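Hi,

Here is the structure I promised to pass on. Have a look first, and my notes follow below.

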Amino acid sequence: MKLAHMDAVVLHMNLIAFSMKTKGLRNFARRLWTVFTRFGFTEARTRTALYALIDLLHDHHAAPTFFIPAVVLQRHPALLAAIVGAGAEIGIHGYVHNDYRTLSTIEQYKQTRQAIEVFQANKIPYQGFRNPYLGWTEQSLNVFSSLGMGYESNEAVIHNVIDRAQLSPLQQGGFEKSLQLFQAIDPCEYTLRPHFEGSLLRLPTSIPDDEMLFDRLRITDPVEIGRIWSQVMQRVYDYGGVYILNLHPERGVLCRQALATLLGYARSRPHPVWIARLDEIANWWRERSRFKLRITPIAPQRWRVEADCTSRSRLLARHLIIEDTAIVEAPMSCPTTCIVQAEQYPGIGLSPRTLPQVATLLTEQGYAHMTASPEQADQFGLYLDLPEGLGETRAEQQSRCGTLIRQIELLDAPLLSFHCWPDDYQAALAISGDIDSVTIQDFFLRILEVSSAKVPYVKTSHAINNQKNLA
């Protein structure tokens, strides 16, 4: 009994040390204080905050996605059922609120399966998973795939919208801790679009989020927060990507004005922005992945185009003549069945020795392509010979994928491709939030729940370094 008690004490202390390490001592102390101002002993404050977000998005004919640990769901099933009835999507946020980077593969599998069972027992539909602290590993992706998760949303993309020269040393430290904790990556066309890894769909999350702004950078002015988030929206819009904002519901009332600014900014763009739940975005990307494009030569410099796609899709054409009527220079919609004329094949050429992963990338991004011999290279505006593929490490692959997509987007040559988003949308915006706790009791029960789940907490920096070495 004494050993068991000592183990529990050690685990509790490690959890506190973990929070202090990732937030900093002062931010950790401030966080404890805000717990009592943002949560109550009943569900009332959290319910008000959740509906503040739901109602605001309803005004834009949209709904949010919330992620919740299974043990918290189990204590508040009626509340979660009610917000599902109000149109919100609910995703899984772990069984308990712990960092998956500190778990073995077996423990990750066990806890994810336990979480699924709780959702199923409470009849809460789910499709996606977001890890606490966005703490994913390569093993996590395998676990999610094996358990049939539709998508995960953990990859954090950091946007350069904070003037770091104006930050105090304390704020600088908090900002750096966030980037390390979230394993932040740089934005590009590739990292800001959904993509498959095997059967698992990955949806990127953009930062800075509310936690970084409020607790680490001490930016609480709703006008300034709205300006920052609108800047991120513009950058994502320019990339034609998806902006997934993580806004913790405990700050739903505090951030209502800032969120309204962001939504208004998105609505004011020259081309529409699709405001959707994460499951809607995931369903679209899966629908889009089934599109097929057949380009058949029928005469010199003439091709028959047949696109097998749904009515929501758009086939884009540039630098070619459609049905003998017009020269298309800038990308514009093209009939899904038509005859086109161009000096070169309206797609990307691939050498026979180019690795299959390149063709997989081009297909997912919607670009027409075909394999051809080096002697036929001049028949393409872009001919790729990539026997080394897209790189070995995850960082190399992200960089090369982004560079290749940018090269294709700037290509001054005939090209047919499927648009990223349904209808006429230029980009997508999703408002998500992690319901880590509903009441004050939930917040402090996290310590007991993590220890009872027998989570072997270690230093987060050590776990992250191990993750990098596995990539």
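What is the mean pLDDT of the protein? The mean is 90, and 89% of the residues reach 70 or more; pLDDT is the predictor's confidence in each residue, from 0 to 100. This is a predicted model, in which local features need pLDDT of at least 70 and side-chain atom pairs count only at pLDDT 80 or more, while totals for chains, interfaces and linings use all residues. Residues are numbered from 1 along each chain as its sequence is written, and side-chain values use heavy atoms, with hydrogens and water left out.

Please take care with two stretches. Over residues 1-18 pLDDT stays under 50, and the model has 16 contacts beyond four places in sequence for them (contact means heavy atoms within 4.5 Å). Over residues 455-471 pLDDT also stays under 50, with 42 such contacts. Where pLDDT is low, the predicted coordinates should not be read in detail.

On the fold: there are 16 helices and 22 strands (DSSP runs, H or I of at least four residues for helices, E of at least two for strands). Of the 471 residues, 56% are buried, meaning under 20% relative accessible area with a 1.4 Å probe, protein chains only. Among contacts between residues at least 6 apart in sequence, 75% join residues at least 24 apart.

By class, the lining of the largest cavity has 3 nonpolar, 2 polar and 3 charged residues (nonpolar: Ala, Val, Leu, Ile, Met, Phe, Trp, Tyr, Cys and Pro; charged: Asp, Glu, Lys and Arg; polar: the others, Gly among them). A cavity here is a set of points on a 1 Å grid over the protein atoms alone where a 1.4 Å probe fits but cannot get out, and lining residues have an atom within 4 Å of a point.

Best wishes

Terms used
Buried < 20%, exposed > 50% of the residue type's maximum accessible area, 1.4 Å probe, protein only.
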